Each structure stands twice: as structure tokens, then as C-alpha cells.
Amino acid sequence: MKLYLLISGKYGSRVVNNLAEHGMAGDIVGMEEFPEDLPDFIEDFASYVPQNLPPADLIIAVGLSGDINMVVPEVARKTGASSAIIPVYDPQQMPPGLQQEIQEAAPHVNIVFPKPFCSLQATGDPFIDEFASKFGKPQLVIKADRYIKKVKVLRGAPCGSTNYIAKGLWSTPSEEAELVAAHKLHNYPCNASTSTDPAVGDTSMHLASYQIKEAVKRGLGYAIKSAVVDPERCKPDQCQEECIKSCPQVLIGLDTITLREDKKASIDPATCGYCEICLKECPLDAIEIKNGPFELKGYDLM
Ligand code: SF4
Ligand code: SF4
């Protein structure tokens, strides 16, 4: 795969270094670095499009904020790339209007906007999927008894946080590992914003922590805590399914809350970040946070 990178700032550099360190150096056919102090609104973004671009399959833009992201369609056109990834880590960086503008400027390019980068999973696009087989939503294999004995990273966050967290989990009490992992993410120079994104009702930083918590839960085979629906109280015909509409994990594309066959809401403990938003939104008080363990399916490694 031929990968062309558009980067800015320390976050962009961190992602490039992590990709290169973990086996993608040979795929990178070129890179353009933009200054961090570009204005959010740029009239003539075409003047920022790099010259002499090589042929590429996939464009990744990391750390670019505001209108400078509009170079992506033109870079894709000039390189012949059919796919692009523009991770969103802050609501200011990629307002919904700008996202739409980028998509409209590149109808020939399959562009995904993972929110944040560590929520990226396979999409059905061959180049995005090849990248997402190595980098994106964290996946861990964990050996543990009462304590964590060994952690192997199957897929790591593009910024390198998963490898940092995996190293720090050794000898952690297993029941605390989920929370320790989230805490370690906060210690890592993660670029996810602490501003609430109005489109999902939560912060990118929280969304990032839900992804690493899920990796730990699946690695261990159980979750210690989750929101749980009381089927007696849940009556979706008397609400507008507010829980589903308000869950930030659902809003970034996960099946955290679904309606069962009997038309009762059901919450997946693997992906529930116990943010409590659904508890507040349910008009029938049908949801509460419960302590587990909740048994989970691990990864299908075949
Ligand atoms: S849990 Fe509450 S908000 Fe969700 S479907 Fe049931 S009644 Fe509606
Ligand atoms: S607590 Fe509710 S809203 Fe929050 S992640 Fe879990 S299911 Fe979604």
C-alpha cells in the first residue's frame, strides 16, 4: 500500500513515528508537514497543496485543524488515492459543515472521519482496512490470573498510546486493569480533546478511554461495570429511544445500545463506558450502573 501523510504539530509527528516504528515505514511514499499556526479559516487552501506528489492509495491527515483539511480532496486527486482518513480529536478541528464540504469536494474518494483515531475499524474499503488491520481501535490479548501477567498488542492506537499502556499494565490487579488503562491514557500525550463534542455529547478524551477500556475488557474476557437496562421498566413505545440517541458510543458508530427482539433496550458491557448519559436521558428510569463481572466474548483470532 502507498500511504501519503499530511501532518501538523506534535500529534502528527507522534503518529508518523509510531507508524514507522511499528512496520509501516516502507508504505509511506511521502509526507507534507503544515505549520501549527495556520488560521482556522483559509480562503485559498489550494496554495497549500504540495507540489510533485507521488502516486498514493491512501491519504491520512493528522493534526490538521480547520480549513487546511480542505487540501485532502486535492491531494487525493493529484496522487490518485481512492481513500482517506481524517481523524477527529476536537470539535473545533472538524466542524460538521467542514466535514461535509470535504466530502462534497471529493465524491470519488472514500473518506472516513474516525472520532477519535483510536476508534478506527475496518470499513470495507481495501486501503483503509489494510491500515486498520494494524492501527486503530486497540485490541489486546491478556494473560492474567488475579494479576496481569502478559499483554500483547494486536492492534494499537495510531498515536502509540496502546503500546505505552500495555507495558504499564503488567502486575496490575486484573479487576483494576480497565480503570488503570484509562488512567494511563490520560497520562499519555493523547491529543483527544476534553471539550464536549456537541455531535456526540461527550469528549474525544472520554471516547478514547472507552476504546482502551474495551480492549482490556475483551482481553480479560469480562467487564467490571456497565450500564444495565431493567426490561420491566424499559418501554420503547413510551419514549423516543432516547438512550440509543444519546449514547456517545452509538453516535460514533458502535452497537453499544440496541433493541432486542422483544423490543427492550440492551447494553453491551464491552463497549459501555459507563458515562451515565443514557441514565439521565431515559424518561422511565430504566437504566442503572451495575458492578459485574459481565462475561464477554473475546477476539476471534482465527
Ligand atoms: S432504556 Fe429508557 S430510553 Fe431506552 S428504550 Fe428503554 S425506556 Fe426508552
Ligand atoms: S453509560 Fe449509557 S450512554 Fe454511556 S456508554 Fe454506557 S450505554 Fe452508552
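**Strand pairing and helix packing in the predicted model**

In the predicted model, I7 stands opposite E33, a residue of strand β2. Strand β1, which spans residues 3-8, is joined to β2 by six bridges, and the two strands run parallel. This pairing belongs to an open sheet of five strands, arranged in the order β2-β1-β3-β4-β5 with parallel pairing. The edges of the sheet are formed by β2 (28-34) and β5 (110-112), each of which pairs on one side only. From one strand to the next, the twist averages 15 degrees. In general, the strands of a sheet pair through backbone hydrogen bonds, in either a parallel or an antiparallel manner.

An antiparallel arrangement is found in another part of the chain, where strand β6 (residues 139-144) and strand β7 (residues 148-155) are joined by six bridges.

Packing between helices is illustrated by α6 (residues 177-187) and α7 (residues 204-220), whose axes come within 9 Å and cross at roughly 145 degrees. The crossing of α6 past α7 is right-handed. On the α6 side, the contact involves A177, E178, A181, A182 and L185; these meet A208, S209, I212, K213, V216, K217 and L220 of α7. By residue class, the contact of α6 with α7 comprises eight nonpolar residues, one polar residue and three charged residues.

With regard to the chain as a whole, 10 helices and 13 strands are present. Taken along the principal axes, the box filled by the C-alpha atoms is roughly 60 × 45 × 35 Å. The radius of gyration of the chain is 20 Å; because a compact globule of 302 residues would have a value near 19 Å, the chain agrees with that expectation. Of the 302 residues, 44% are buried. Among contacts between residues at least 6 apart in sequence, 70% join residues at least 24 apart.

How values were computed
Residues numbered from 1 in each chain as written. Chains lettered and ligands numbered in written order. Predicted model: local features only at pLDDT ≥ 70, side-chain atom pairs only at ≥ 80, totals over all residues. Axes fitted to C-alpha atoms, helices over the stretch in contact; angles between N-to-C directions. Helix = DSSP H or I, 4+ residues; strand = E, 2+ residues; numbered from the N terminus. Left-handed = near helix turned anticlockwise from the far one by under 90°. Contact = placed C-beta atoms within 7 Å. Nonpolar A, V, L, I, M, F, W, Y, C, P; charged D, E, K, R; others polar. Pairing = 2+ DSSP bridges. Rg over C-alpha atoms; globule rule 2.2 N^0.38 Å. Buried ≥ 20, exposed ≤ 12 C-beta atoms within 10 Å, placed from the backbone.
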